[in-house]
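Work through these exercises with the model on screen. Try each task before reading its solution.

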Amino acid sequence: IKHVWQRDGYDQTYPNTMPANAQMGGDEALRSLSLSAQALGHRFNVHENYYDYYPNAESFREADRCLTSAGKPIDGWDNGRVRAVILKPSKLMDYAREFTPEIKRRYDCDSAYHDIMPTWHVDFDAPVPGAGKIRYTHEQTRELCDFDREVFGGPVVFEAADPMMAGIYDGGCNHGLDTYKIP
């Protein structure tokens, strides 16, 4: 297990991340770190992921996988141990509503940080809301950001940047094509 906050280590079992990694002091140590950082004037958040969806998570449901126009699941990050799939945009808020308030309760974070922004995939599963429409995916990202601001009372940042969503989220980093060449 890498030394990260998530219970099972980095890029494992998302969205099931709690309790905090026992090797790093568990929930008590992470809450203490959060409160100490904030007392020093820093924002504090933990890495959440409602984009990559891991088949080894307790919450995994086959029906929640995002599908291509050919009806095939979309693969996500491959960490070398288990390959993630992409979560349906229509399920994003279900998982955020389940896990994000508990993260706030346990660790008293005052901002949100998400893995890859969930605006990059369209779900073509015909019976689900917004099937085949990037507009729907963007609406879910907007709802996530509004929800996070309500829960945490602070900014929302992503491990990504998307000019189509400028103004919806508060910060991000360039990730993907030419990551280290383009600001």
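**Exercise 1: a helix and its end**

Just after α3, Gly153 has a positive phi of about 70°. This is a predicted model, where local features need pLDDT of at least 70, side-chain atom pairs count only at pLDDT 80 or more, and totals for chains, interfaces and linings use all residues. Residues are numbered from 1 along each chain as its sequence is written, and side-chain values use heavy atoms, with hydrogens and water left out.

Task: find how far α3 reaches and what its buried residues pack against.

Solution.
1. Locate α3 at residues 134-152. Helices are DSSP runs of H or I, at least four residues; strands are runs of E, at least two; both are numbered from the N terminus.
2. Take the span. The 19 residues of α3 reach 27 Å from first C-alpha to last, close to the 27 Å expected. The expected span is 1.5 Å times one less than the number of residues.
3. Pick out buried residues (under 20% relative accessible area, 1.4 Å probe, protein chains only). Among them are Tyr136, Gln140, Leu144 and Phe147.
4. Find the partners. The buried residues of α3 pack against β1 (47-48), α2 (92-107), β5 (112-114) and β6 (156-158). Contact means heavy atoms within 4.5 Å.

**Exercise 2: a hairpin**

Task: state in which sense β3 and β4 pair.

Solution.
1. Find β3 at residues 75-78 and β4 at residues 83-86.
2. Check the pairing. The sense is antiparallel, over two bridges; pairing requires at least two bridges found by DSSP.
3. Name a partner: Asp75 bridges to Val85 in β4.
4. Inspect the turn. Four residues lie between the strands, and Gly80 takes a positive phi near 95°.

Note on methods
Buried means under 20% relative accessible area, exposed over 50%, partly exposed in between (1.4 Å probe, protein chains only).
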